[in-house]
Every structure is written in C-alpha cells, then in structure tokens.
Amino acid sequence: MDTSLLTPKQKRANHIASEQRRRQAIREAFDLITGVVPNLDQRESRSEAIVLTRTVDYLLKLAKENEQLVDALSSASEDQENTGEPKSLQDAHIKL
C-alpha cells in the first residue's frame with residue numbers, strides 16, 4: 001500500500017492495527033510455549049521472563065537427556081561390537 005496517499009490519521013490507524021497484530025502474534029506464541037513446556041500453566045498469570053527462563057531450563061534439560069541417550073547408544077553399540085551380543089539401552093543404565 002502506498003502510504004504517501006494516506007492522511008496522518010489513516011497512517012496512525014494503520015500503525016495501531018499493525019502493532020495490535022504484532023502483540024497478538026506474540027501472545028499466541030507464548031500460549032503455544034506454555035502448552036509445550038512443563039511447569040507452565042496457561043491459567044496462571046505469568047511474565048514473559050518466567051516463560052522464557054523456564055523454556056530455556058527445559059531445553060537445557062532435553063539437551064542433557066539427549067546427550068545421555070547418545071552416549072548410552074554409543075556404549076551399547078561398542079559393547080555389541082566387542083561381544084557380538086546386543087545390549088539394550090536399559091542395560092546401559094541410563095540415568096535421566
């Protein structure tokens with residue numbers, strides 16, 4: 001849209017509408033996050049800082065668990081190569 005043809009009042013209205021859409025998109029994204037990350041309740045009042053902090057904590061926890069699983073899988077694979085017998089991940093004593 002060519003904004004040079006708009007009056008100052010129309011430009012302001014467009015700006016307000018754009019800002020409202022931006023804020024709504026942010027609210028919807030935070031609602032999505034609270035639906036995925038444990039320990040975030042959609043019903044309780046929450047700040048964006050709390051949501052982001054708990055999200056980072058959760059992602060770090062998942063990364064650590066993933067690393068432990070990769071290590072256990074690697075260990076099980078090495079055991080199989082050495083013994084010729086498969087070792088289950090449960091036998092690898094995974095501590096999550």
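Biologist: Why are Lys61 and Glu65 separated by about one helical turn?

Modeller: Lys61 and Glu65 are four residues apart in helix α2, so about one turn of the helix lies between them. Helices are DSSP runs of H or I with at least four residues, strands are runs of E with at least two, and both are numbered from the N terminus. This is a predicted model, in which local features need pLDDT of at least 70 and side-chain atom pairs count only at pLDDT 80 or more, while totals for chains, interfaces and linings use all residues. Residues are numbered from 1 along each chain as its sequence is written, and side-chain values use heavy atoms, leaving out hydrogens and water.

Biologist: What does Lys61 form with Glu65?

Modeller: Side chains of opposite charge can pair when their charged atoms come close. Lys61 forms a salt bridge with Glu65, with the closest N and O atoms 2.9 Å apart. The term requires a side-chain nitrogen of Lys or Arg within 4 Å of a carboxyl oxygen of Asp or Glu.

Biologist: Is Glu65 buried or exposed?

Modeller: Glu65 has 18% relative accessibility and therefore counts as buried (under 20% relative accessible area; exposed is over 50%, partly exposed in between; 1.4 Å probe, protein chains only). Lys61, at 45%, is partly exposed.

Biologist: How many salt bridges does a search of the whole structure find?

Modeller: The search finds three. Arg22 lies three residues from Glu19, whereas Arg23 lies four residues from Glu19. Glu19 is partly exposed at 22%, as are Arg22 at 44% and Arg23 at 48%.

Biologist: How do α1 and α2 pack?

Modeller: Two packed helices are described by the angle between their axes and the distance between the axes. Here α1 (residues 8-36) and α2 (residues 48-83) pack at about 40°, their axes 11 Å apart. Axes are lines fitted to C-alpha atoms, for helices over the stretch in contact, and angles run from 0 to 180 degrees between N-to-C directions.

Biologist: Which residues make the contact?

Modeller: From α1 they are Ile26, Phe30, Ile33, Thr34 and Val36, and from α2 Glu48, Val51, Leu52, Thr55 and Tyr58, where contact means heavy atoms within 4.5 Å.
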